[in-house]
Amino acid sequence: MLKLGISGVMGRMGRTIASLASNYPDIIITAGIESPDCAHLHNTVGEIISKKDLSAPITSDLSQVIDQIDVLIDFAANQEAVLGHLRVLAADKKAAVIGTTGFLDYQLQEIKEISKEIPIVLAPNMSIGVNLLFKLVEKAARVLKDKGFDIEVVEMHHRYKKDAPSGTAMKIVDILKKETGIEKVVYGREGITGERSSKEIGVFALRGGDVVGDHTVIFAAAGERIELTHKASSREIFAKGAIEAAKWIKDKPAGLYDMSDVLGLNE
């Protein structure tokens, strides 16, 4: 039985994860973590998802419930809060699945250091489809390298998303840079920019409405264009991926993993 803690449990993703995980026969939700501003609004995770028999407490202090969890799924909106949780998890040798995005370089470096002590799945997007998209983009970029194809990345999310471009888009950019050797990234364009350089990757972030998440990678050349697109219509696909990651990582050795590892796409 996997004892699961959920950080950011009152947020959109946290609620979805809690609702789905509560139906898994091999998982028991043992704690919910929230910011001090919100933790007092509900006493248990069951109150949030309307399941009275789910008595997992909600707290703003992970250390109070660390003995009750095996893995923490973390979708906290605050990156520094995630780092604080990782420090607590490391002290007790517990595992983490991180879906929070928008980390700065120094924060990512600390995550890498902590992963030497505990197993961590760090993934900007946990859907099966998006992680397959990553592999398709990798293959396409490798085949089309130096063949006259310009590369543009377009993503759209709901109006409430706080970071831009999305973590998924930036993961795509990292893949493109690695496979093509192109280092210059242009975020949007305005005014008279001159002729487009073949040695740049364009990135555009759109925000509006209730869009869960759309990502398109465009390879455009004279006379032809290839577009790879993934569109998410439900947060459940991310929640399912996060739960599968939590089940997968429970007994893994210390290290930094991603969803390709969880899904076996690197095999």
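A search of the whole structure, a predicted model, finds one aromatic pair. The pair is formed by Trp-248 and Tyr-257 and is edge-to-face, with 5.1 Å from centre to centre and 80° between the planes. The angle exceeds the limit for this class, since planes over 60 degrees apart count as edge-to-face. The two partners fall into separate accessibility classes. Tyr-257 has a relative accessibility of 17% and is therefore counted as buried, because the class covers residues under 20%. Trp-248, with a relative accessible area of 22%, is partly exposed.

Backbone geometry was examined next. Most residues other than glycine have a negative phi, and most peptide bonds are trans. Exceptions of both kinds occur in the model. The peptide bond that joins Ala-164 and Pro-165 is cis, with omega at about -10°. Pro-165 is placed in the loop that runs between β7 (150-157) and α6 (167-180).

For Ser-50, a residue other than glycine, phi is near 60°. Ser-50 belongs to the loop between α2 (45-49) and β3 (58-59), and its relative accessible area of 67% makes this residue exposed. Lys-93 is likewise not a glycine and has a positive phi of about 60°.

Along the principal axes, the C-alpha atoms fill a box of roughly 60 × 40 × 35 Å. Of the 267 residues in the protein chain, 49% are buried. Among contacts between residues at least 6 apart in sequence, 71% join residues at least 24 apart.

The accessible surface of the protein chain amounts to about 13200 Å², and carbon and sulfur atoms contribute 50% of this area.

Technical notes: Residues numbered from 1 in each chain as written. Predicted model: local features only at pLDDT ≥ 70, side-chain atom pairs only at ≥ 80, totals over all residues. Heavy atoms only, no water. Buried < 20%, exposed > 50% of the residue type's maximum accessible area, 1.4 Å probe, protein only. Contact = heavy atoms within 4.5 Å. Areas by Shrake-Rupley, 256 points an atom, 1.4 Å probe, with all protein chains shown as cover. Phe/Tyr/Trp six-rings, centres within 6.5 Å; stacked < 30°, edge-to-face > 60°. Helix = DSSP H or I, 4+ residues; strand = E, 2+ residues; numbered from the N terminus.
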